Amino acid sequence: MPLKVAIQMDPIGAVKVDADSTFRLAEEAQSRGHELTYYTPDTLTWAEGRVRAVGQTLTVRRKQGDHAELGGRRGIDLSEFDVVWLRQDPPFDMGYITNTHLLERIGGDTMVVNDPFWVRNYPEKLLVLQFPELIPPTLIARDLGALRAFKEEHRDVIVKPLYGNGGAGVFRLKEEDGNLASLHELFSGISHEPLIAQKFLPSVSKGDKRVILVDGEAVGAINRVPQKGETRSNMHVGGTAEKAELTDRDREICAAIGPLLREKGQIFVGIDVIGDYLTEINLTSPTGIQEMERFDGTNIAGMIWDAIEQRRA
């Protein structure tokens, strides 16, 4: 049965049709006959018990620059939709958190993907703390003394903003590096949030693996290899995507976290694995669908929609 689908996302005109996961999800939904409506997060409102937005009907096509045909802007009541997709990109700031609160209050039988309550309560760099046996040595702290002690113990560390994204603000501090205090001063001047520090994993030079889970089950992986001389493997800062297979360790990690993700309504999740260690669980707006589909010849977007349709049924 066709579904009425609303997609909350950043401006669609800027997406890259050969890379963007939200575009691919919309494309797959359209191929199944679902009715698409698009709106941006800044139009989301709550009034008199109703969650509304300013939306436009959406038709997508795989032609960059002419990839989105939009109807006229109109007020929409999100309780009238079967599915609302939360595909707004980070930063995971108070604006993002407020939007998850509003989406929780949609009435009727509307299904919000991923479940906004748990998107808010399980930020990617914090949910991993629930699985200490799977992650590298990790510290979350604002206190400079605690950060110094962690660096002295592990010598070679990564320091980054707790709620950062896309590789922004990620620094590697080797044993002889004396910039920790300066970095702490810099970050403290920007926000009051703690930092996250992790022991540096040399195996990152071989890649940072992105594994996609659909309704708690691993469906595939890609490897993101950093440029020479670069610590970050994010593709928008020059990382290269390569075909990857799921290892026994990858499956062990997914088996440990999958039941929780399924229970909490996290249908589309991307985890990051370096060597044998889980480093992040991405719930907010995971990516990697199109790269994985090209390497494996699988329909990951189709698997995601299968899971949604089964839950709706």
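1. Two strands count as paired when DSSP finds at least two bridges between them. Helices (H or I, at least four residues) and strands (E, at least two) are DSSP runs, numbered from the N terminus. With that in hand, look at S7: strand S1 (residues 4-9) runs parallel to S7 and pairs with it over five bridges, with Ile7 opposite Trp85. S7 is also joined by three bridges to strand S8 (residues 111-113), again in the parallel sense, and there Val84 has Val112 as its bridge partner.

2. A word on what you're looking at. This is a predicted model, in which local features need pLDDT of at least 70 and side-chain atom pairs count only at pLDDT 80 or more, while totals for chains, interfaces and linings use all residues. Residues are numbered from 1 along each chain as its sequence is written, and side-chain values use heavy atoms, with hydrogens and water left out.

3. Back to S7, and how hidden it is. Buried means under 20% relative accessible area, exposed means over 50%, and partly exposed is in between (1.4 Å probe, protein chains only). Five of the five residues of S7 are buried, so the strand is largely enclosed by the rest of the structure. Both faces are covered: Val83, Trp85 and Arg87 are buried on one side, Val84 and Leu86 on the other.

4. Now the nonpolar cores, meaning sets of buried Ala, Val, Leu, Ile, Met, Phe, Trp, Tyr and Cys residues joined through side-chain atoms within 4.5 Å. The largest has 41 residues, and Leu78, Ile271 and Ile281 make the most contacts inside it. Elements that each supply at least two residues include strand S4 (50-60), S7 (83-87), helix H2 (94-104) and strand S17 (277-282). H7 gives the most, with five residues. A second, separate core of 32 residues includes Phe23, Val83, Met292 and Ile300.

5. Contact here means heavy atoms within 4.5 Å. Setting aside neighbours within four places in sequence, Ile281 touches Glu124, Leu127, Val128, Phe131, Ile257, Leu261, Val269, Gly270 and Ile271.

6. H7 (residues 248-263) also holds Pro259, which is partly exposed at a relative accessible area of 44%. Pro259 and Phe200 are 59 residues apart in sequence and 29 Å apart in space, C-alpha to C-alpha.

7. Then helix H8 (residues 289-296), where the buried residues are Ile289, Gln290, Glu291, Met292 and Glu293. These pack against helix H1 (21-31), S13, strand S14 (217-225), strand S15 (240-244), S16 and helix H9 (300-312). After H8 comes Gly297, with a positive phi near 70 degrees.

8. Over to the open sheet: four strands in the order S9-S12-S10-S11, with antiparallel pairing. S9 (138-141) and S11 stand at the edges with a single partner strand each, so one side of each is left without a neighbour in the sheet. Direction ignored, neighbouring strands are turned by 25 degrees against each other on average.

9. Last, the rings. Rings of Phe, Tyr and Trp (its six-membered ring) pair if their centres lie within 6.5 Å; planes under 30 degrees apart are stacked, over 60 edge-to-face, and the rest tilted. That rule gives six aromatic pairs. One of them is Phe92 with Tyr96, tilted, at 5.5 Å centre to centre and 45 degrees between the planes. Phe92 is buried at 9%, and Tyr96 is buried at 0%. Phe171 and Phe187 form an edge-to-face pair, at 6.2 Å and 70 degrees. Phe171 lies in S11 (residues 171-173) and Phe187 in H6 (residues 180-190), so this pair ties together parts 16 residues apart in sequence. Phe171 is partly exposed at 32%, whereas Phe187 is buried at 11%. Ring pairs also link Phe92, Tyr96 and Tyr163 into a cluster.

10. Two charges sit over rings (NZ of Lys or CZ of Arg within 6 Å of the ring centre and within 35 degrees of the ring normal). Lys4 has its charged end over Phe81, 5.1 Å from the ring centre, and Arg172 lies over the face of Phe200, 3.6 Å from the ring centre.

How values were computed
Axes fitted to C-alpha atoms, helices over the stretch in contact; angles between N-to-C directions.
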